[in-house]
Amino acid sequence: MPVVGFGLWKVPRPQCADTVYNALKAGYRLLDGAGDYGNEKEAGEGLARAIKDGIVKREEVFVTSKLWNTYHQKERAKELAKHQLELWGIEYFDLYLIHFPISLEDVAIKDKYPPEWWGLDGKVHPTKVPIRETWEALEEIADAGLAKNIGVSNFQGSLLVDLLRYARIEPSVLQVELHPYLAQKKLVALTKELGIAITAYSSLGPQSYLELGAHHSVPGLLSHNTVTSIAEATGKSPAQVLLRWAVQQGLAVIPKSNNHDRLLSNLQVTEFTLSDEQVTALDALDINLRMNDPQDIHPALGIFA
Ligand SMILES: NC(=O)c1ccc[n+]([C@@H]2O[C@H](COP(=O)([O-])OP(=O)(O)OC[C@H]3O[C@@H](n4cnc5c(N)ncnc54)[C@H](OP(=O)(O)O)[C@@H]3O)[C@@H](O)[C@H]2O)c1
């Protein structure tokens, strides 16, 4: 799996095909999508155009997607994976993740896609599908060749350990929010022990949540003194410093940008090294601050409680 990939959350539909095409042209070889991002068809169009123009071959691009909460039932999960592959216009995902350890009542694809967090009545409807059932569905998706690897997202230690008690196919990847404000050192240590790779999301911290009004009014990491002084000392941008901090720990990153220059610079994080003192200074910013918490949507969704 490439260490730096391109994140597709909040890449608007009208520009998504061009953004994906340009990201591949710039050298990205991992696309991180999800049913919930609502832009899979357009992302697939960008990928198809890049393949047609000879920029990449399908097998050179690592495509990740995710199973949404309303499709956790065994018979529904495979139906969704097939639907998502059709939208992308590809035959398999390189990685397919359970997006959240949350199951919500069905919303038919024809009624609303993606269904987001709410039923058609505008309310949140948790339902009782155990993770084991959903994991077995992902194993069947892998068996059927629809996904080369399977994994999970937004899982904490106890759920991961439990999943390994019954998994016939072990998860390859855990994708979680991780940045200096939420360093998750114990989770990183656990996954190293378990042999599961981590992909860090929202590496730039509060930046991604400003537009959602969910940034908890903390100072941004991109303008934090510690980050900007390391950026000055290394001649890199604050974003590159934050991405490098993750990559240097052996984590993969999937920054998203709708701006081509930022998209390009986010890829340049594998050719410089932060000193031990710089890493320690960034580590010291940890305040266990999570931006992406479904409990902010509904009290019953407290997966990080
Ligand atoms: N599994 C999950 O539950 C989950 C949750 C969240 C995200 N993700 C995945 O992780 C990806 C990345 O996370 P994210 O989108 O939340 O956050 P992110 O990549 O950390 O940050 C994106 C924000 O930072 C800005 N930005 C990007 N590069 C920058 C740079 N070099 N300098 C300054 N600002 C920059 C972007 O604005 P511009 O676009 O204007 O540049 C955007 O506002 C997502 O796209 C998605 O694929 C997964």
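Colleague: In which sense do strand β6 and β7 pair?

Modeller: In this predicted model, strand β6 covers residues 173–177 and is joined to β7 over 5 bridges. In one of these pairings, V176 has A200 of β7 as its bridge partner. The sense in which β6 and β7 pair is parallel.

Colleague: Which residue in β8 stands opposite A200?

Modeller: Strand β7 is also joined to strand β8 (residues 252–253), by 2 bridges, and these strands run parallel. The residue of β8 opposite A200 is V253.

Colleague: Which helix belongs to the β-α-β unit with β6 and β7?

Modeller: The unit consists of β6, a helix spanning residues 185–194, and β7, and it is right-handed. That helix is α6.

Colleague: Why is strand β7 largely enclosed by the rest of the structure?

Modeller: Strand β7 comprises residues 197–201. It is largely enclosed because, of its 5 residues, the number buried is 4.

Colleague: Is Y37 buried or exposed?

Modeller: UniProt, in an unreviewed entry, places the feature "active site" at Y37. This residue is found in the loop between β2 (30–32) and α2 (40–52), and beyond its neighbours within four places in sequence it is in contact with L8 and W9. A residue counts as buried when 20 or more other C-beta atoms lie within 10 Å of its own. Y37 has 21 such atoms, so it is buried.

Colleague: Which helix gives the most residues to the shell around the ligand?

Modeller: The shell residues divide into 8 nonpolar, 16 polar and 4 charged. Of the 28 residues around the ligand, those that come nearest are G7, Y201, S208, A239 and K256. The helix that gives the most, with 3 residues, spans 260–266 and is α9.

Conventions:
Residues are numbered from 1 along each chain as its sequence is written. This is a predicted model: local features need pLDDT of at least 70, side-chain atom pairs count only at pLDDT 80 or more; totals for chains, interfaces and linings use all residues. A residue is near a molecule or strand if its C-beta atom, placed from the backbone, lies within 6 Å of it. Ala, Val, Leu, Ile, Met, Phe, Trp, Tyr, Cys and Pro count as nonpolar, Asp, Glu, Lys and Arg as charged, and the others, Gly among them, as polar. UniProt positions are given in the numbering used here, feature names are shortened, and annotations may be inferred rather than shown by experiment. A residue is buried if 20 or more other C-beta atoms lie within 10 Å of its own, exposed if 12 or fewer, and partly exposed in between; C-beta atoms are placed from the backbone. Two residues are in contact if their C-beta atoms, placed from the backbone, lie within 7 Å. Two strands pair if DSSP finds at least two bridges between them. A crossover is right-handed if, with the strands pointing away from the viewer, the path from the first strand over the helix to the second runs clockwise.
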